[in-house]
Amino acid sequence: MSDVPKRAGGITMLDGGALVTGAAVASVHFRDLSDKMTDLTPLGWLFLSAAFAWLALTSAGPFVYLVRRISSRPSGNPTVEDRLWMAFGLPWLLTALYRSWTGIATNSTDRAYETVLFTGLFVASGLSLWRIARTWSSVDLTTAPRDRNGSWTDLIGRVVSVTWPLQLGLGFVVTR
């Protein structure tokens, strides 16, 4: 008998490590903005902090998916929402790896960064819209029970998939 808890909803230390790794990915994307941060007002810092936090959360998707996939979780994990979170995080991860590997900032002659980022975000947005349309048409709000047993990753996956335009906006922020 295993001593590992079988709760689907709890955040583990590995999940926390995955979230921190997502923040590291986000820092690679925001590294080019450091010269523009000197002139920011408090409101600018607020917006920049919110954008960084959102990108860090999104970028953690593939890492949380991997942690939940290989850890002992109850059947049914990871869910569709976990996969959508991973789909939105993959373009950010791949382009951060590319940017770190090449060691160059985004410039007008390097279109691979922008192409991979926006292609991945458009594919993830399409998957998200497909999932939203499929779910929306099958929900009867008068008789549908509330799902209160979902894990925290389901909630974040739903929020990330519904707010897909923010991902495209963040893409424009980091590619200027």
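At what angle do helix α2 (residues 42-59) and helix α3 (residues 61-70) pack, and how far apart are their axes? The two helices pack at an angle of about 35°, and their axes lie 5 Å apart. Axes are lines fitted to C-alpha atoms, for helices over the stretch in contact, and angles run from 0 to 180 degrees between N-to-C directions.

The model is predicted: local features need pLDDT of at least 70, side-chain atom pairs count only at pLDDT 80 or more, and totals for chains, interfaces and linings use all residues. Residues are numbered from 1 along each chain as its sequence is written, and side-chain values use heavy atoms, with hydrogens and water left out.

The protein has 7 helices and 0 strands. Helices (H or I, at least four residues) and strands (E, at least two) are DSSP runs, numbered from the N terminus. Along the sequence the pattern reads α-α-α-α-α-α-α. Of the 176 residues, 39% are buried (under 20% relative accessible area, with exposed over 50% and partly exposed in between; 1.4 Å probe, protein chains only).

In α2, Leu 57, Thr 58 and Ser 59 meet Gly 61, Pro 62 and Phe 63 of α3. Contact means heavy atoms within 4.5 Å. By class, this contact has 3 nonpolar, 3 polar and no charged residues. Ala, Val, Leu, Ile, Met, Phe, Trp, Tyr, Cys and Pro count as nonpolar, Asp, Glu, Lys and Arg as charged, and the others, Gly among them, as polar.

Thr 58 lies in α2. Thr 58 counts as buried because its relative accessibility is 0%. Its side chain reaches the backbone oxygen of Trp 54 at 2.9 Å. Not counting residues up to four places away in sequence, Thr 58 touches Trp 85, Phe 88, Gly 89, Trp 92, Val 160 and Gln 167.

Helix α3 also packs with helix α4 (residues 80-102), at an angle of about 130° and with axes 6 Å apart. That makes α3 oblique to α4 (angles under 35 degrees count as roughly parallel, over 145 as roughly antiparallel, 65 to 115 as roughly perpendicular and the rest as oblique). Gly 61, Pro 62, Phe 63, Val 64, Tyr 65 and Arg 69 of α3 make the contact with Asp 82, Arg 83, Trp 85, Met 86, Gly 89, Leu 90 and Leu 93 of α4. By class, the contact has 8 nonpolar, 2 polar and 3 charged residues.

Ser 151 lies in the loop between α5 (112-138) and α6 (152-162). Ser 151 is buried, at a relative accessible area of 4%. Ser 151 and Asp 82 are 69 residues apart in sequence and 9.8 Å apart in space, C-alpha to C-alpha.

Technical notes
A polar contact is a pair of N or O atoms within 3.5 Å; within protein, one must be able to donate a hydrogen and the other to accept it, and residues adjacent in sequence count only if both atoms are side-chain atoms.
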